Amino acid sequence: MAGQDKGFQPFYYNLSPRRKFIRTVWMTLLGVLVIAGWWWLTGLQTDLILFIAVFTVVDIWQLATTYAAWKAEEKHGPEA
């Protein structure tokens with residue numbers, strides 16, 4: 001079953017791969033702002049460095065997988 005590709009959908013798993021990728025990009029931007037605020041308020045600390053490393057790895061992985069799913073759906077249709 002293809003996910004929802006138009007309109008508002010609060011649940012991530014009900015979205016189409018294209019919309020999942022778009023939401024992931026927006027959450028990445030929000031995450032960068034949160035990290036920048038944390039850094040500005042507390043300074044660079046060990047826990048912040050660890051958080052940045054984990055956030056970067058997980059975010060790159062999620063962006064890559066959602067992008068691949070989006071392109072696979074474009075190529076093979078929603079059943080792939």
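The following questions and answers walk through a predicted model.

Biologist: What is the distance between the end C-alpha atoms of helix 1, residues 17–42?
Modeller: Helix 1 has 26 residues. At 1.5 Å a residue, they should span 38 Å. The model agrees with that span, with the end C-alpha atoms apart by 37 Å.

Biologist: Which helix do the buried residues of helix 1 pack against?
Modeller: The buried residues of helix 1 are Pro-17, Arg-19, Lys-20, Phe-21, Thr-24, Thr-28, Gly-31 and Ile-35. Their packing partner covers residues 46–76. That partner is helix 2.

Biologist: Is Thr-28 buried or exposed?
Modeller: Thr-28 lies in helix 1. Its relative accessible area is 15%. The cut-off for burial is under 20%. Therefore Thr-28 is buried.

Biologist: Which residues does Thr-28 touch, not counting those up to four places away in sequence?
Modeller: Thr-28 is one of the buried residues of helix 1, and those residues pack against helix 2 (46–76). With sequence neighbours up to four places away left out, the contacts of Thr-28 are Phe-55, Asp-59 and Leu-63.

Biologist: What is the area of the nonpolar surface patch that includes Val-25?
Modeller: Val-25 is in helix 1. At 31% relative accessibility, Val-25 counts as partly exposed. Ile-22, Trp-26, Met-27, Leu-29, Leu-30 and Val-34 make the patch together with Val-25. The patch area is about 650 Å².

Biologist: Which residue just after helix 1 takes a positive phi?
Modeller: Helix 1 covers residues 17–42. The residue just after helix 1 has a phi of about 85°. That residue is Gly-43.

Biologist: How far apart are the end C-alpha atoms of helix 2?
Modeller: Helix 2 holds 31 residues.

Biologist: Which residues of helix 2 are buried?
Modeller: The buried residues of helix 2 pack against helix 1. One of them, Trp-70, has 17% relative accessibility. Burial needs a value under 20%, so Trp-70 qualifies. The buried residues of helix 2 are Leu-48, Asp-59, Thr-66 and Trp-70.

Biologist: Which residue forms a salt bridge with Lys-71?
Modeller: The structure holds one salt bridge. Side chains of opposite charge can pair when their charged atoms come close. Here the closest N and O atoms are 3.2 Å apart. The partner of Lys-71 is Glu-74.

Biologist: Why are Lys-71 and Glu-74 separated by about one helical turn?
Modeller: An α-helix has 3.6 residues a turn, so residues three or four places apart point the same way. Lys-71 and Glu-74 both sit in helix 2. They are about one turn apart because their spacing in helix 2 is three residues.

Biologist: How many aromatic pairs does the structure hold, and what is the angle between the planes of Tyr-67 and Trp-70?
Modeller: The structure holds six aromatic pairs. Among them, Tyr-67 and Trp-70 are edge-to-face, at 5.8 Å centre to centre. Both lie in helix 2, three residues apart.

Biologist: How far apart in space are Pro-78 and Gly-3, C-alpha to C-alpha?
Modeller: Pro-78 is in the segment after helix 2. Its relative accessible area is 44%, so Pro-78 is partly exposed. Pro-78 and Gly-3 are 75 residues apart in sequence. In space, their C-alpha atoms are separated by 8.6 Å.

Biologist: What distance separates the C-alpha atoms of Gly-37 and Glu-73?
Modeller: Gly-37 is found in helix 1 and counts as partly exposed at 26% relative accessibility. Along the chain, Gly-37 and Glu-73 are 36 residues apart. Their C-alpha separation is 37 Å.

Notes:
Residues numbered from 1 in each chain as written. Predicted model: local features only at pLDDT ≥ 70, side-chain atom pairs only at ≥ 80, totals over all residues. Heavy atoms only, no water. Helix = DSSP H or I, 4+ residues; strand = E, 2+ residues; numbered from the N terminus. Expected span 1.5 Å × (residues − 1). Buried < 20%, exposed > 50% of the residue type's maximum accessible area, 1.4 Å probe, protein only. Contact = heavy atoms within 4.5 Å. Patch = residues over 30% accessible without salt bridge, like charges linked within 9 Å, V, L, I, M, F, W, Y side chains within 5 Å. Areas by Shrake-Rupley, 256 points an atom, 1.4 Å probe, with all protein chains shown as cover. Salt bridge = Lys/Arg side-chain N within 4 Å of Asp/Glu carboxyl O. Phe/Tyr/Trp six-rings, centres within 6.5 Å; stacked < 30°, edge-to-face > 60°.
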